[in-house]
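Please walk me through this structure step by step, beginning with the places where its chains meet and then turning to what lies inside them.

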Amino acid sequence: MWARQNIAGALAFVGLAVAAPFLPSWLVSLATIAFANGLVVLGLVILWRAGLVPFGQALFYAAGAYTVALIGRYTGLHDVFVLVAAGALVAGVLAFLIGLLLARYRDIFFAMLSLAMSMILYGVLVKTESLGSTDGFHVETGTFLGYAPHGAALGLALFWLVLGACGLSALLVATYFGSIAGVLAAPVRDNEIRVEFLGLSVNRLVHLKVVISGVLAGLGGALAALAVAHVDPNMAYWTTSGGFVFVTILAGAGSVAAAFIGSFVFELARSIAIDFFPGTWQIILGGALLLTILFLPEGLGSLAGRLRRVPERAS
Amino acid sequence: MLTAFAILTDGLVYAAYLFLVAVGLTLIFGVMKILNVTHGSFYAFGAYGAATAVGIYFERGLPAAGGFLFMILVAMAIGLVMGAILERGILRFVYGKDEVVIVLVTYATFLMLEDVIALIWGRQSYAAWQPMVAAGSVEIGDLVLSNYDIVLVALAATVATAGYWALKYTRYGRLLTAVIFDRETAAAFGVNVTVVYTVTFIIGAMLGALGGAVMAPKISVTLGIGVEVIVLAFAVVVTGGLGSIEGALTGALIVGLCRAAAVHLVPQIELFVIYAVMALVLVFRPYGLFTQVQPRKI
Amino acid sequence: MTLHFGNSRHVGGLATMATLASVAVAAAQAPAPRQPPAPVRLGIVSFLSGPAASPFGVPGRNGAEIVIEALNAGTAPAPFNTVGLGGAKIEAKYVDEAGSTAQVVTEFRNLVQRDQVDAVVGYISSGSCLAVTPVAEELKALTVYFDCGTPRIFEETARKYVFRPPPHATMDNVGAARYLLAKHKDVAVYSGINQNYAWGQDSWRDFVGAMKVLAPKATVDKELFPKLFAGEYGAEISTLLTSKSQALHTSFWDGDLEGFVYQEQARGLDKRMPIIYTTGEASIWRLRDKMPDNTIIGGRGPNGPLAPDTELNRWFQKIYVDRYGTPPTYPSYQMALSVLGLKVAWDKAQKAKGAKPTTDEVVQAFEGIEYDGPSGHVKLALSNGHQGIQETAYGTYRFNKQTKQPELVDVMRFPAGCVNPPNGVNADDWIKDGMKGATCK
């Protein structure tokens, strides 16, 4: 089962990478941002499997993005691999520190404390007039190990970079899901005390999850900053966090791939809705979410499972 | 001295605003364990309804005090209808799902209602200033206070007292308390939880609409006002402790006074003060100020 | 109510065919065919949802709609009385600016790459403009901004494909300071209440900077920055009531502005000190007698009641009121100025070439143009001819009880050179260094 999923994932990954140069460039840049955001969603899936939903994940997203933007602005360092790694690292350190506190909280208090933290970062960024306050500032174009593409080539290079980051993260997270700490997510969600009776510290398990999801959000933010070439404090605002949670529920926690598929479907649906129904796109999005919850409680990711099950039953 | 007095009055007025906005949210959470994002829509619908009502009423040149009451009645009627439709039409199908999933259901509803507002009332803004202007003002030293603000403080105090009394001393209130404490046991003792849920949600919606209605004369009723209120209300009730009226009141007072002090003394930090207070309270009281710690079940 | 291309791929195919046909005809040196040329496609971007829709997005969109209709019908007054852009009808697609910066950039790419528009006109938020600019340069897409105010767009790097005919926000606050000091010479202490985001912070910084130059002895008392869309200003009003301020500056807009007007009037703040609303013009038609008399009103340039009394302005006022039932406010004027600027450049390039110009040819023709819009004369004088400057005007509010109409009296006009930095000088530096080179005669 695992092997089959991994092969399917690898095939999809290679297929996308090969197809990219032949796709229209607007679709490639939409997918770049969608997959970068998909990394944040992947981090939320990790938390959600343990029953935790932060309303302030945008904190780490913005931290990653601003790290990239600031390094580019003040040090002249432009290599995307260094920048992205730095973004993920800063977000990870931040997640570790905040996690010391956050890991003790559950339910709505977990959600609201993380929201408070992200809103404080938002306030600090808004107050920083030298960084353009809410207008934000431009992110310098990155280089890829000395290769400095422009125009369409840059779009493709960024897409491949994001795809690579997604592939690597998906692999690592799938491994994590198979590990003891990963498998324990469901017991933590169902009943913490039983897990503690096994001699494990639930707080430490949660802390680890917070750090992993923080790194993923930072990675996503760093890549999004490079893809959009602009950062602003809105990346830390609670509506950004809410959007990620929205996609997480839409995608479902069933599989790693669902995070990316869900994120892509969401961006595409939003773009189409805003294009064809400029006055009512929120009704369309809200309605889609509502229908998903009512009729696909496991998220879009479960669709694939259902389709697979049908032939099995037939045979 | 004058500054201290100003901080106190401003803090009270702001706390009254926060309490009126947050009390419906905390009620629904206390009973149904739903963090209701649609609360922002109730607020917005209440404000739009009030603005429409004020427009119709004052066009006829009727006495101002009646306009205030009419505005509140219209808004609460809207809250009643919306609460009933949403609870019966959507929410009852998702009870029993994850709390977070239900939050998302209310978020989806909120998104849709944002566009519904634009479809009903258009994209232009509405004004309902007449009740506030008619109320006049009093002068205390250099400070001028609007009588309308004083009415708001009184209204908040009334709602708090009435809510407290209703929960403690009426039959329905005691049933509610039983459901808050333990839903399953209450059901086992023959409490009709379905009806309690419907009624609670409707009352919560009416309180949300009331919050919007009484704020309508002070603001410009325009698209997006609901968004701003949601997080503010969340912060207040989480600070005070979700699900209790005392909690919402205390949270509103603390946040209101801290914000007023910040504006007068250190305006630079106004943007963070609400979240800083919330984070600080949660660090020391992880479940807010007034929540009883739930025993953990094995 | 919103125009669409319908099936955009289909239209795109038709456009390509038409272009091929016209190329073939041109190659054969045949006389121009009688059939109309392929339409020019414009993307028009402004807020159609959210709090900025009602005050800016919808008036901006409406301004584009009626001007484009009039251009297509050829009914605009001279010199704009030729059809569309270079004789080709304009097809407009209206897009919502709402969403995160990433989404705004995505929608811009969609317009240029998927829908293949010939030019994009739009953007209200300065954040949108800053984020879209590098993308427009990368895609070589002609982009005309109509409302966003920040001077940073052209100051950080020189731009080729991006233009902004309406002046940037510096002149709003320099003009406000000049007007305040002309009317209230003895202001010694003043305060500001501005929204806590880039627009409010920049406005206040420019205003204080200008005041320091023009009245070095005057001091700042309270600097209040309530959060954007706060709605409730009780504490701020108390602070101001108990202060010693003799004037108040604010760049509040729409909902926040109106809420503040209601709340401060209930407590008589405007009786204590004159209040300057740098964007007040956009709200006077809704506030009417609720806007207190003696308030100082600006309109981000000579727009609305501050616009000069010309034939073009009267025409614009008339078609706008006839269609939408309310007078045009400054976003409508800025949009009209931007669309007409594009027409001037396009027609110039078309005339020089004798056929539909390429983007680069329009860009070349656009640089440094001068023309008259409904809000009077504009010259793309700054940033190598990409940034427009106009005169600005401020006035004092009166609600005329006889006509029951808002009026601006005591209007003072400040020439473009008096309130804008000279070419090549950053706006911030210009104010800091004492506004050298300002010509106010």
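How many residues of chain A are in contact with residues of chain C? In this predicted model, in which local features need pLDDT of at least 70, side-chain atom pairs count only at pLDDT 80 or more, and totals for chains, interfaces and linings use all residues, 26 residues of chain A are in contact with 26 residues of chain C, two residues being in contact if their C-beta atoms, placed from the backbone, lie within 7 Å. Residues are numbered from 1 along each chain as its sequence is written, while chains are lettered from A and ligands numbered from 1 in the order in which they are written.

On the side of chain A that touches chain C, the elements giving two or more residues are helix 2 (25-49), helix 10 (202-228) and helix 12 (256-276) of chain A, where helices (H or I, at least four residues) and strands (E, at least two) are DSSP runs numbered from the N terminus. Helix 2 of chain A provides the largest share, five residues. By class, this side of chain A has 10 nonpolar, 13 polar and three charged residues; Ala, Val, Leu, Ile, Met, Phe, Trp, Tyr, Cys and Pro count as nonpolar, Asp, Glu, Lys and Arg as charged, and the others, Gly among them, as polar.

Chain C also touches chain B, in a contact that takes 33 residues from chain C and 38 residues from chain B. On the chain C side, two or more residues come from each of helix 2 (53-73), strand 7 (219-224), helix 8 (234-241) and helix 9 (254-266) of chain C, and helix 9 of chain C gives the most, with seven residues.

Within chain B, helix 1 (residues 2-32) and helix 6 (residues 147-169) pack at an angle of about 45°, with their axes 9 Å apart; the axes are lines fitted to C-alpha atoms over the stretch in contact, and angles run from 0 to 180 degrees between N-to-C directions. That angle makes helix 1 of chain B oblique to helix 6 of chain B, since angles under 35 degrees count as roughly parallel, over 145 as roughly antiparallel, 65 to 115 as roughly perpendicular and the rest as oblique. The contact of these two helices of chain B has 13 nonpolar, one polar and one charged residues.

Chain B also holds a hairpin formed by strand 1 and strand 2, with two residues between them, and B:Gly141 in the turn has a positive phi of about 60°.

Terms used:
Two strands pair if DSSP finds at least two bridges between them.
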